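Take a look at it first, then read on.

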Amino acid sequence: MTAMCDVAFLLLSFFVMTATAKQPEPKPVDTPASTVIDKLPEEGVGTITVGDKQVFFTIPRNIRRSTLERVGTEKGLKFTEGEYKAFENTEGFGVPLNQIKGLLALKPAQRTEPGFQKGIPYDSINDQLTVWVKQAREANKAVYDAQLQEGKITAEEFGKKGDLAIAIKGDAKEDFITVKRVIDILQEQKKNKFFLITGLRNEDF
Amino acid sequence: MAELNTGGGGGDGKKVRSKKSNPGVDLTAMVDLAFLLITFFMLTTTLSKPQSMPLAMPDKTKEPVENDTKIPEERMMTVLIGKDNKILWYLGQLKTPIIAPTETVFGKNGVRKDILKNTAYAKKHTTKEDEGLIVNIKASDAASYKNLVDILDEMAINKVQLYAIGDITKEETDLLKEKGLY
């Protein structure tokens with residue numbers, strides 16, 4: 001009994017210390033597998049989730065607020081302090097701009113209910129994904145620009161972090177054209193390098 | 001360890017004491033709780049950071065390119081991805097291919113063998129050590145995202161010198177249709 005107790009608490013301490021809580025996602029996707037085992041950078045990555053022809057965007061926490069401010073300015077939307085706070089705590093989202101206030105008014109659990117969020121519009125007529133990505137990149141650049149001015153980071157670091165890294169997390173069954181459209185949106189704003197999030201391939205491929 | 005120390009201090013007045021049975025603390029509840037918490041943390045933790053595959057696309061801006069390098073046909077492989085995880089590939093140009101369009105599948109017995117064969121062929125047609133096969137990946141509208149990741153994975157496995165994702169042309173779509181892959 002004593003030994004078991006010891007082991008149990010050892011494991012418990014281990015998990016408590018290494019834990020980073022799993023964030024609820026509005027769109028859980030099943031990523032395709034690959035043999036490439038590069039890890040995604042831990043922070044400063046904007047993730048575009050693609051599944052069922054719907055697109056969701058996750059902005060890194062430190063620039064969420066400024067991104068919403070910028071998008072609001074561009075689209076003529078005003079947000080309250082409470083809405084900014086709610087947005088900062090929203091992991092990923094996928095609603096058209098005209099519904100974003102409604103989304104932020106809900107409780108966090110209601111927001112991530114499956115099927116509630118229908119995705120950010122990304123067709124050529126109403127391309128809001130471009131707006132979000134552009135503003136997130138500019139917000140990110142502004143953050144590191146300021147740090148560069150203050151001399152907190154070197155020019156070399158700025159070169160690495162200044163441009164927001166973008167990762168595409170697509171569902172394995174998703175059509176190629178949907179992902180291609182997202183890639184095209186990124187390329188239109190000269191974002192030619194990005195990551196594809198994959199799972200580990202364990203079978204003999 | 002888990003027993004309470006009930007041994008006498010020694011040196012105090014009462015010298016002779018009847019040996020009491022050593023009472024053990026019941027740990028069952030504590031262990032239960034510990035395992036419950038372990039289970040909870042194991043399930044809510046994302047231990048492994050997601051994996052990623054870096055992808056660099058060619059710049060799309062239509063700036064006039066000066067002295068652009070010509071790619072020798074012998075080293076240029078085009079991979080077309082059709083429906084139902086099928087691949088059609090050819091070496092050289094579409095109109096005058098060195099190896100005519102060949103149908104294959106994903107995996108180690110499919111496209112990998114062709115890539116390795118073509119890499120060997122390409123190596124024969126170059127004098128530089130670091131030059132090898134150049135693969136142009138063109139996925140049709142019938143392909144899935146998994147196909148794209150699989151073929152990019154294949155590039156990584158075979159250490160292809162240079163590869164890019166291109167837009168499929170009308171002729172190539174027609175070719176896929178002809179072969180029943182679109």
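## Strands across the chains

Two strands pair if DSSP finds at least two bridges between them. Strands here are DSSP E runs of at least two residues, helices are H or I runs of at least four, and both are numbered from the N terminus. Strand S2 (residues 38-39) of chain A and S1(B) run antiparallel and are joined by two bridges. In S1(B), B:Ser52 is the bridge partner of A:Asp38.

This is a predicted model, where local features need pLDDT of at least 70 and side-chain atom pairs count only at pLDDT 80 or more, while totals for chains, interfaces and linings use all residues. Residues are numbered from 1 along each chain as its sequence is written, with chains lettered from A and ligands numbered from 1 in the order in which they are written.

## The interface

Chain B puts 40 residues in contact with 46 residues of chain A (contact means C-beta atoms, placed from the backbone, within 7 Å). On the chain B side, helix H1 (28-44), strand S1 (51-56) and helix H3 (145-158) each supply at least two residues. H1(B) gives the largest share, nine residues.

## Two helices in chain A

Helix H2 (residues 64-75) and helix H3 (residues 81-88) of chain A pack with their axes 9 Å apart, at an angle of about 125° (axes are lines fitted to C-alpha atoms over the stretch in contact, and angles run from 0 to 180 degrees between N-to-C directions). A:Arg64, A:Arg65 and A:Leu68 of H2(A) meet A:Tyr84, A:Phe87 and A:Glu88 of H3(A).

Key
Contact = placed C-beta atoms within 7 Å.
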